[in-house]
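Please read this briefing alongside the sequence and the model shown below. It begins with the chain as a whole, goes on to the packing of helices, and ends with individual residues.

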Amino acid sequence: MISSTGSAATAEEENLPTRTFSPPAAVVMGTLVVGTVFLVVLEFLVIISFIGQRLWNHPLLLHDLVFTLPLLIWVVIAAAVTVTCLRVMTSWLRIDAQGVELRSLFRRTVTARWDQVGSVIAVRSLSRDASPAETPDEIETAYDGVYVMDQDGKRLFAVSSRFFGLRAQQMALRRAHEAGVAIEHIDAITAADLLREAPQALTFVDRHPNLLMLALLLFYVGHNVLTFAIWGL
């Protein structure tokens, strides 16, 4: 015999908002556009040089390492861009009363029960400048990041509004609260202050996005210069 209390709990569970979240269409399209830019637009000189000179017929191709180097680098870039795009587009996040699970292709699956989660840090506005950004007035504004930490203060993963949306963040906070997990709400904070408070909350890319973009730009410039030096136009 099923008790009325158990039935009510089951009905309430079934009426909860969606528990599985994936990147919205805008993120998927944006990922494809960015991948095309990195793979085609920034490699335009390499592609034009290879096709224009019909280098697939060149006797040194695949036989001389230096001559083949621009093509090898492009293949590596193509593989890296493809893996990154698939990793983003196939991501899905499950949040329920038992715990959280993050999966995608080319990513180590992250699974944690709520009793394994030490704390959750919800940052509404994260600034990488010397002073925190202005806090949004609208209470429903998405968080910059909801960081799920383990018992040792190590980041398990972050629920990003850009990849999973506000509803995923709200569900994570709701489930964490119901499980008795400590939740720290921060309206506005700088990256440096957050690192002092939770040293492992942010990854290197989170801390230095501009430095990463500069490194990528220099890499692409170097690849094009190398291609011009070896293959010409």
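**Overview of the chain**

In this predicted model, the chain has 233 residues, of which 34% count as buried. Its secondary structure comprises eight helices and eight strands. Among the contacts in the chain with a separation of 6 or more, 65% are accounted for by residues 24 or more positions apart. The chain exposes about 13,800 Å², and 63% of that area is supplied by carbon and sulfur atoms.

**Packing of helices**

Two packed helices are described by the angle between their axes and by the distance between the axes.

*α2 with α4*

- Helix α2, which covers residues 25-41, packs with helix α4, which covers residues 65-89, at an angle of about 175°, and their axes are 10 Å apart.
- Because an angle over 145 degrees counts as roughly antiparallel, α2 is described as roughly antiparallel to α4.
- On the α2 side the contact is made by Val27, Val28, Thr31, Leu32, Gly35, Phe38 and Leu39, and on the α4 side by Trp74, Ile77, Ala78, Val81, Cys85, Val88 and Met89.
- By class, the residues of this contact of α2 with α4 divide into 12 nonpolar and two polar, with no charged residue.

*α4 with α8*

- Helix α4 also packs with α8, at an angle of about 150° and with the two axes 9 Å apart.
- The two helices α4 and α8 are therefore roughly antiparallel to each other, and α4 passes α8 in a left-handed crossing.
- From α4, the residues Val66, Phe67, Leu69, Pro70, Leu71, Ile73, Trp74 and Ile77 meet Phe219, Tyr220, His223, Leu226, Thr227, Ile230 and Trp231 of α8.
- The contact of α4 with α8 has 13 nonpolar residues and two polar ones, and no charged residues.
- Trp74 and Ile77 of α4 take part in the contact with α8 and are also among the α4 residues that contact α2.

*α3 with α8*

- Helix α3 (residues 44-52) packs with helix α8 (residues 209-231) at an angle of about 20°, their axes being 9 Å apart.
- Since angles under 35 degrees count as roughly parallel, α3 and α8 are roughly parallel to each other, and α3 passes α8 in a left-handed crossing.
- The residues that make the contact are Leu45, Val46, Ser49 and Phe50 of α3, together with His223, Asn224, Thr227, Phe228 and Trp231 of α8.
- Sorted by class, the contact of α3 with α8 contains five nonpolar and four polar residues, and no charged ones.
- His223, Thr227 and Trp231 of α8 are included in this contact with α3, and they are also among the α8 residues that meet α4.

**Residues brought together across the sequence**

- Leu217 is placed in helix α8 and is partly exposed, with a relative accessible area of 49%.
- Although Leu217 and Leu42 are 175 residues apart along the chain, their C-alpha atoms are separated by 8.9 Å.
- Arg124 lies in strand β5, which covers residues 117-127, and counts as buried at 10% relative accessibility, because the cut-off for buried is under 20%.
- The C-alpha atom of Arg124 is separated by 6.2 Å from that of Ala188, a residue 64 positions away along the chain.
- Arg87 lies in helix α4 and counts as partly exposed, with a relative accessibility of 34%.
- When neighbours within four places in sequence are left aside, Arg87 is in contact with Ser104, Leu105, Phe106 and Arg107.

**Positive phi values in loops**

- Phe106, one of the residues in contact with Arg87, lies in the loop between β3 (99-103) and β4 (110-113).
- The phi of Phe106 is near 60°, which is a positive value in a residue other than glycine.
- Arg54 is found in the loop between α3 and α4, and it is exposed, with a relative accessible area of 57%.
- The phi of Arg54 is near 50°, again a positive value in a residue other than glycine.

Notes:
Residues numbered from 1 in each chain as written. Predicted model: local features only at pLDDT ≥ 70, side-chain atom pairs only at ≥ 80, totals over all residues. Heavy atoms only, no water. Helix = DSSP H or I, 4+ residues; strand = E, 2+ residues; numbered from the N terminus. Buried < 20%, exposed > 50% of the residue type's maximum accessible area, 1.4 Å probe, protein only. Contact = heavy atoms within 4.5 Å. Areas by Shrake-Rupley, 256 points an atom, 1.4 Å probe, with all protein chains shown as cover. Axes fitted to C-alpha atoms, helices over the stretch in contact; angles between N-to-C directions. Parallel < 35°, antiparallel > 145°, perpendicular 65-115°, else oblique. Left-handed = near helix turned anticlockwise from the far one by under 90°. Nonpolar A, V, L, I, M, F, W, Y, C, P; charged D, E, K, R; others polar.
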